Amino acid sequence: MSFTKTTEQDSNYNHLEKMSVKELISNINNEDKTVPLAVEKSLLQIELLIEQIVPKLKKGGRLFYIGAGTSGRLGILDASECPPTFGVSPDLVIGIIAGGDTAIRNAVEFAEDSTELGWQDLQNYNISDKDVVVGIAASGTTPYVISALEACNKNNIITGCITCNNNSPLADVSKYPIEVIVGPEFVTGSSRMKAGTAQKLVLNMITTTSMVLLGHIKGNKMVDMQLSNNKLVDRGVRMIMNEINVSQEKAKQLLNNYGSVRLAVQNYINENK
């Protein structure tokens with residue numbers, strides 16, 4: 001199969017510098033509208049990967065995202081949102097970026113070109129075959145990510161990827177590849193745009209679906225969310241009021257006593273059987 005690098009194709013637009021603000025944002029919006037449709041075409045691939053992730057997490061394994069640049073940052077973003085949203089340990093979903101924490105804010109020169117550091121970074125977490133590793137790279141050609149997944153395969157670790165090119169080297173080394181073909185970017189080659197949006201949509205699907213299946217959502221509510229600010233405390237109080245039909249004052253008391261919506265509801269029900 002031939003490797004098609006659609007993310008590097010020329011933009012469908014030219015002379016951007018001559019466009020008005022209205023023209024620029026309208027054209028960007030028109031391109032962005034195509035992204036969910038591209039993701040839709042990859043739903044089966046997304047499903048197959050999630051079906052591998054959930055059993056590993058249920059047995060005490062972890063989910064790793066590994067990438068460089070924008071892709072690495074998106075993995076870290078998604079991983080960092082899991083503890084406050086779902087009340088899980090920060091060690092359950094882990095994001096790794098080429099160049100380390102410095103690269104979250106600043107580009108680290110040539111970090112993504114290493115064919116050794118990716119696996120070394122995973123080994124710092126005592127990676128094992130209990131875990132799943134998902135490589136993220138819009139181009140599908142990042143050596144840091146590809147070499148990390150190759151090492152994972154040799155160590156019997158389940159691998160997946162999220163890429164925006166067809167038949168890329170990264171997809172070739174992934175056991176469960178996800179290929180979301182978004183086509184040319186508005187600014188030629190700027191994969192932080194449509195490709196980045198596509199990657200975030202897929203990451204949302206992976207972690208949200210996994211956490212639902214792990215039992216961290218009840219109905220449609222985040223019953224295990226961390227109560228880290230007043231807005232979330234107020235939301236928790238309302239959730240308790242709606243779930244067990246108690247007053248606001250009683251709901252606040254229960255939330256203060258038990259520290260989470262789930263425990264507050266469970267203990268109230270047990271005490272009033």
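Helix H10 (residues 230–244) meets helix H12 (residues 261–271) through Gly236, Met239, Ile240, Glu243 and Ile244 on the H10 side and Val261, Ala264, Val265, Tyr268 and Ile269 on the H12 side; contact means heavy atoms within 4.5 Å. By class, this contact has eight nonpolar, one polar and one charged residues. Ala, Val, Leu, Ile, Met, Phe, Trp, Tyr, Cys and Pro count as nonpolar, Asp, Glu, Lys and Arg as charged, and the others, Gly among them, as polar. The model is predicted, with local features needing pLDDT of at least 70 and side-chain atom pairs counting only at pLDDT 80 or more, while totals for chains, interfaces and linings use all residues. Residues are numbered from 1 along each chain as its sequence is written, and side-chain values use heavy atoms, with hydrogens and water left out.

Two packed helices are described by the angle between their axes and the distance between the axes. The axes of H10 and H12 come within 10 Å and cross at roughly 30°. Axes are lines fitted to C-alpha atoms, for helices over the stretch in contact, and angles run from 0 to 180 degrees between N-to-C directions. Helices are DSSP runs (H or I, at least four residues) numbered from the N terminus. H10 and H12 are therefore roughly parallel to each other (angles under 35 degrees; 65 to 115 count as roughly perpendicular). Their crossing is right-handed, that is, the near helix is turned clockwise from the far one by less than a right angle.

H10 also packs against helix H11 (residues 248–258), with axes that come within 9 Å and cross at roughly 115°. That makes H10 roughly perpendicular to H11. The crossing of H10 and H11 is right-handed. Val233, Gly236, Val237, Ile240, Met241 and Ile244 of H10 touch Gln248, Ala251, Lys252, Leu254 and Leu255 of H11. Eight nonpolar, two polar and one charged residues make up this contact.

The second largest pocket holds about 210 Å³ of space. A pocket is an open set of points on a 1 Å grid over the protein atoms alone, where a 1.4 Å probe fits, with protein on both sides within 12 Å along at least five of seven lines; lining residues have an atom within 4 Å of a point. Grid points are joined across faces, edges and corners, and a volume is the space filled by probe spheres set on the points. Among the lining residues are Met239, Glu243, Val261, Val265 and Ile269. The largest share of the lining, five residues, comes from H12.

Definitions and conventions: Helix = DSSP H or I, 4+ residues; strand = E, 2+ residues; numbered from the N terminus. Parallel < 35°, antiparallel > 145°, perpendicular 65-115°, else oblique.
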